[in-house]
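This briefing is for a reader who is meeting the structure for the first time.

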Amino acid sequence: MLYNIDFDICSIIINVIVFICLLVMKDMHRRENKLFMIVILTGLFSAVFDIISAQAISSSSRDQLLLAELFTYLYLMVHNATPYIFCIYVTVISGTYYKTPKYRYFLLAIPLIVDFLLLLTNPFSNKVFYFDSALVYHRGDFMNYIYAISFFYIFFFVIHIMLHLRSIPRKRVLILLLFFIAGALTVLFQYFFPYILIELFVQSVVYIAIMLNTDDELSMMDTSLGIYNRSAFIANTQKLLRSNNTLDVILIKLTNITSYRTLLGYDQLAAILYDMTQWLKENCSPVSLYTIGYGVFAMELYDDDFRDQLDSYMNTLMDYFSESFNYKDINISFETQLLAIHMPSDLERLEDLLTVADQEITINQPLSLLSGKDLDPIKRSISVDHAVRDAMMNDRFQVYFQPIYEFRSGAYHSAEALARLEDPILGSIPPGEFIRVAEKNGTILQIGELLFEQLCSYISKNHLSTLGVDYVSFNLSSVQCMQKDLTDRLWTILNKYGVPAYFINLEIPEASAMENVEAMRYTIEDLRKIGFSISLDDFGTSNSNVSGFYDFSFDVVKIDKQILWNGDMNDDGNLILSNCITLGKRMSQSIVVEGVETEAQKEKLRKLGCDFCQGFLFGQPLPGDAFLRFLRENNFRSSL
Ligand code: C2E
Ligand code: MG
Ligand code: MG
């Protein structure tokens, strides 16, 4: 009986094409691609060996017997190894490979070793296959074991995929299952029709589908630097974390890169970054290198082979970045932060890692290495980030009120609304901290509205004016000040609760007023049109030139507490305080000084011609009910 080798020939052609495509299109540093390449090679060699042995068997010539036997052995060994290699391949795809102790792969190989032993002892036992006296090929009883071993690996492969469905993209799961279905059907077909050698052909067709479905590395590359981009970083890290791997991530942040871009232009800086990337690739190979932001690189160590080299990589990087770069005779000193983050013990979630990569970390050192305990402030800001999101969902923000004292009447004529957050895990979080976090994570607009709504609801329920209060101040964050439809949104909320706009004073921080003077002028005019009064908050804190908004007429200027406290220290401080009050008076109708804690400070401010005072001397910020009680007990202006 003659074997039909046509399918095997087609399989060779397909495997060669897939092999070339892999070489040209895929990154062969990646273990996943390397293993797939081995699978293709086993398919290729299996087909070659199969053809030679089939031809030799079909010739029925005694001279060819040795050749037939030899290539049948080679074919069976290489072919039977394929499902085992495919099992390793699928563990790399699911990301479990890196955390699995290597001896387990040896245990997994035991059936394959049994397979090899059966083949190696076959010349004596003739139990797998043999040639009869007429030189006809026969399968022995043990051939069934060999088939059973292949099925064992195929089932391992399917079970593994099913257990790690979360870590493998859905489309890939379908294609890999196609391998299983096609593999199982052709093994059965081959069992019943041994003369039609179709199995390798079907496998190679499935390999095309798998190749088409491997990661599209072109879209994962940053074309200007020639390394993986942010999407690749996200996909790989997500996969590793979902399959419970531990990994070390090194973040390299060039914190002053934007000033160099302004100075040198985009193209020159791109050339410098390219050289840097080449250096990183050469000196930190084989660690995966990514660019995940402008001037932010990430390196991931998850492979046992080089995990323990973290310290040596960090030292190499420290040495490299401590030197200044020379580009076309220009000396460039990047301010660099190197962070070594262990996941999950330092950070658990990918989102947190990205927050660390994206957010500015203020350290006044040209080169800093952050690991272990140094990461605590970053971890805190991440916990606050979670607390803020959680508080938004669970309506946990509270508005407190701090009374503001008026010198002229000797009573409390207004109050400042101050946000409070009590988190079930972190306890009370200061607003200075959570407002900054909310500005960075984009929740500030919603939080600002929630707080404004709470304030309006409080004002509409309680008749504060009968208790001597003329208005309540509400803090706008810098980001809210940039919101295009801010006025409309606040107007809608005012109307919902029937609160008149004149009863609310909006405080704009000096730093945000400085940032974009013209935009701020427009925002303030718009807010004024509907009746709000406006304060300039934290006056004196920003180092920049205030002349930009000299001609703004604010209703109130609030002098920052630090300016008052500095006045207690020395004469210079006193001079600055009185100058701030003079300047503030030119820009507004009245002055509030914050942070008044002592009688002496109060008297000093009275003499300096200050209109209003706010501070712990008069009262701490209080919850709504307590503030009403405070007014009833202390505010006598209504009876003046
Ligand atoms: P701010 O607007 O300048 O508010 C005054 C801060 O000074 C408040 O701190 C107040 O509790 C504190 N303070 C007042 N008198 C004294 C005093 O005599 N001694 C001391 N040591 N502190 C005093 P707080 O409540 O921690 O708020 C800090 C900052 O957080 C605020 O500064 C404001 O910029 C921001 N903030 C507070 N609530 C909100 C809000 O609802 N929205 C926005 N966007 N920012 C808010
Ligand atoms: Mg304020
Ligand atoms: Mg202030």
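Predicted model: local features only at pLDDT ≥ 70, side-chain atom pairs only at ≥ 80, totals over all residues.

**Metal site**

Asp537 belongs to strand S17, while Glu594 belongs to the loop between strand S19 (588-593) and helix H24 (599-607), so the pair ties together parts that are 57 residues apart in sequence.

- A distance of 3.9 Å separates the magnesium ion (ligand 3) from the magnesium ion (ligand 2).
- Asp537 coordinates both of these ions.

**Surroundings of ligand 1**

- Ligand 1 is surrounded by 24 residues.
- The closest of them are Arg420, Asn475, Asp537, Glu597 and Phe616.
- Sorted by class, the shell around ligand 1 holds ten nonpolar, six polar and eight charged residues.
- Four elements each supply at least two residues of this shell: strand S13 (411-423), helix H16 (431-441), strand S17 (533-539) and helix H22 (561-567).
- The largest share, four residues, comes from S13.
- The space that ligand 1 takes is the largest pocket.

**Polar contacts and cover of ligand 1**

- Gln402 places a polar side-chain atom 3.2 Å from a nitrogen atom of ligand 1.
- Ala419 has a backbone N or O atom 3.0 Å from a nitrogen atom of ligand 1.
- Ser477 has a polar backbone atom 3.3 Å from a nitrogen atom of ligand 1.
- On its own, ligand 1 has 790 Å² of accessible area, and the protein covers 84% of that area.

**Local backbone features**

- Met343 and Pro344 are joined by a cis peptide bond, with omega at about 10 degrees.
- Pro344 is placed in the loop between strand S10 (336-343) and helix H14 (350-358).
- Asn244 has a phi near 55 degrees, which is a positive value in a residue other than glycine.
- The loop that holds Asn244 runs between helix H9 (230-242) and strand S5 (247-254).

Definitions and conventions
Residues numbered from 1 in each chain as written. Chains lettered and ligands numbered in written order. Heavy atoms only, no water. Near = heavy atom within 4 Å. Polar contact = N/O pair within 3.5 Å; in protein donor to acceptor, adjacent residues only side chain to side chain. Areas by Shrake-Rupley, 256 points an atom, 1.4 Å probe, with all protein chains shown as cover. 1 Å grid on protein atoms, 1.4 Å probe; cavity = no way out; pocket = protein on both sides within 12 Å on 5 of 7 lines; lining within 4 Å. Sits in = over half its atoms within 2 Å of the grid points. Nonpolar A, V, L, I, M, F, W, Y, C, P; charged D, E, K, R; others polar. Donors = N, O, S within 2.8 Å, 3.2 Å for Na, K, Ca; no water.
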